[in-house]
Every structure is written in C-alpha cells, then in structure tokens.
Amino acid sequence: MTELVDITELLLSRIRDVADYPEPGVMFKDITPLLADPAAFTALTDALAEIVVTTGATKVVGLEARGFILGAPVAVRAGVGFIPVRKAGKLPGATLSQAYDLEYGSAEIEVHAEDLSAGDRVLVVDDVLATGGTAEASLQLIRRAGAEIAGVAVLMELGFLGGRARLEPTLQGAPLEALLKL
C-alpha cells in the first residue's frame with residue numbers, strides 16, 4: 001500500500017494546474033512536467049504496463065495525441081504491440097473509422113484496418129478520462145475490428161465529468177483503471 005501512496009504522490013506532484021486554459025473556467029491538467037521527470041515517467045510507464053499484464057492484453061491502443069506518448073512506452077515495457085488511434089484523415093491506407101459526438105459538434109477517429117483482428121485483447125491507454133466520448137468511440141472501433149476489449153487505463157480520471165458512467169456499458173465488464181481520480 002505504501003508503494004501505491006508513493007506513486008500517487010509522485011504523479012500528483014508532477015501534474016501542473018493551468019487555470020483558464022484552453023478557455024475561461026477550465027482548469028487544465030498539464031502532464032508535461034511529469035513527462036520531463038524520468039523517475040515519474042518511468043513510474044507511470046511501469047504502473048500502466050502492470051495493467052497490461054494483469055488484463056492479459058496483447059496490444060495497447062493509444063489515443064491521439066497524449067495516449068501515443070503514454071501508450072508506446074507502456075507497450076514496449078509490457079512486450080506487446082502498440083496501435084495508434086488517430087483523428088480521421090491522418091492514416092494512409094485502408095482504415096476503419098468511428099464517428100462520435102462532442103459537447104459542441106462531432107469528431108471521427110480511425111485505425112489501420114489490418115492492425116487489429118480477432119484474437120487480439122486490447123487495452124486502451126490515454127492520459128485523461130474526461131467525458132469519455134473518445135474512449136467510448138475507440139472501444140466501438142476496436143470491437144468492429146474484431147478484437148476483444150481488455151480494458152481502459154488512464155493516468156487521470158476527472159470524475160465530475162461522468163466519463164466512467166458513459167464508458168461502463170461499452171466496457172461490458174472490462175476494467176477501467178485510473179491511477180489518479182480527481
């Protein structure tokens with residue numbers, strides 16, 4: 001239990017609050033100080049890689065863009081493949097896409113069609129779970145590719161935005177792990 005408290009304190013101490021960014025009234029959680037600290041970044045990578053192992057994931061999906069920064073080293077540490085899920089129009093070749101609604105408008109994400117298949121167990125990795133829209137769309141996309149959901153793992157969950165409640169039906173019993181719940 002002491003180890004969990006220590007990593008929580010370490011991670012929290014390296015996340016900077018930026019008031020009124022990107023718009024007035026928003027408190028942005030900046031993870032760049034955490035990424036710049038090798039000890040904190042290593043602790044984060046190790047903690048997320050442990051989730052890969054415990055869920056039996058065979059691939060990690062990282063959500064654009066900070067999910068790439070976190071997910072790639074996690075996949076390497078856990079010894080599994082890494083798959084980027086990108087904004088529409090960013091990947092060459094054949095893709096699968098998934099549209100989803102945002103607070104003001106809509107967006108679309110894509111994955112290379114050949115990167116996921118039946119037999120894959122996929123853990124989605126991202127920095128923050130906020131409203132859950134992008135994560136939900138990624139889970140739908142992964143299932144459409146024929147892969148199984150191993151779970152979702154995030155550095156931070158902003159509980160007041162309701163992302164967990166939105167994701168639970170789509171997770172269908174797969175775990176949602178947040179290292180920090182804010």
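Reader: Why is Asp17 called partly exposed in this predicted model?

Author: Partly exposed runs between the buried cut-off, under 20%, and the exposed cut-off, over 50%. Asp17 has a relative accessibility of 43%, so Asp17 counts as partly exposed.

Reader: What makes Asp17 and Lys29 a salt bridge?

Author: The test asks for a side-chain nitrogen of Lys or Arg within 4 Å of a carboxyl oxygen of Asp or Glu. The closest N and O atoms of Asp17 and Lys29 are 2.6 Å apart. The pair passes and forms a salt bridge.

Reader: Which parts does this pair of Asp17 and Lys29 tie together?

Author: Asp17 sits in strand β1, residues 16–19, and Lys29 in strand β2, residues 27–30. The pair therefore joins parts 12 residues apart in sequence.

Reader: Is Lys29 buried or partly exposed?

Author: Buried needs a value under 20%. Lys29 has 21% relative accessibility, so Lys29 counts as partly exposed.

Reader: How do you know that Asp46 and Arg77 form a salt bridge?

Author: The limit is 4 Å between nitrogen and oxygen. For Asp46 and Arg77, the closest N and O atoms are 2.0 Å apart. That makes the pair a salt bridge. Asp46 belongs to helix α3, residues 38–55, and Arg77 to helix α4, residues 66–78, so the link is between parts 31 residues apart in sequence.

Reader: Why are Asp46 and Arg77 called partly exposed?

Author: The relative accessibility of Asp46 is 33%, so Asp46 counts as partly exposed. Arg77 has a relative accessible area of 48%. Exposed would take over 50%. Arg77 is therefore partly exposed.

Reader: What makes Glu64 and Arg86 a salt bridge?

Author: Their side chains meet at 2.8 Å, N to O. The cut-off is within 4 Å. Glu64 lies in the loop between β3 (59–63) and α4, while Arg86 lies in strand β4, residues 81–87, so the pair ties together parts 22 residues apart in sequence.

Reader: Where do Glu64 and Arg86 fall on the accessibility scale?

Author: Glu64 has 22% relative accessibility and counts as partly exposed. Arg86 has a relative accessible area of 22% and is partly exposed. Buried would need under 20%.

Reader: How many salt bridges does a search of the whole structure find?

Author: The search finds 10.

Reader: How do you know that Ala107 is partly exposed?

Author: Ala107 has a relative accessible area of 22%. Buried stops under 20%, and exposed starts over 50%. So Ala107 is partly exposed. Ala107 lies in strand β6, residues 105–112.

Reader: Which residues is Ala107 in contact with, leaving aside its neighbours within four places in sequence?

Author: Gln98, Ala99, Tyr100 and Leu102. Contact means heavy atoms within 4.5 Å.

Reader: How much of the protein chain counts as buried?

Author: Of the 182 residues, 42%. The accessible surface comes to about 8900 Å², with 55% belonging to carbon and sulfur atoms.

How values were computed:
Residues are numbered from 1 along each chain as its sequence is written. This is a predicted model: local features need pLDDT of at least 70, side-chain atom pairs count only at pLDDT 80 or more; totals for chains, interfaces and linings use all residues. Side-chain values use heavy atoms; hydrogens and water are left out. Buried means under 20% relative accessible area, exposed over 50%, partly exposed in between (1.4 Å probe, protein chains only). Accessible areas come from the Shrake-Rupley method with a 1.4 Å probe; for residues, only the protein chains shown count as cover. Helices (H or I, at least four residues) and strands (E, at least two) are DSSP runs, numbered from the N terminus.
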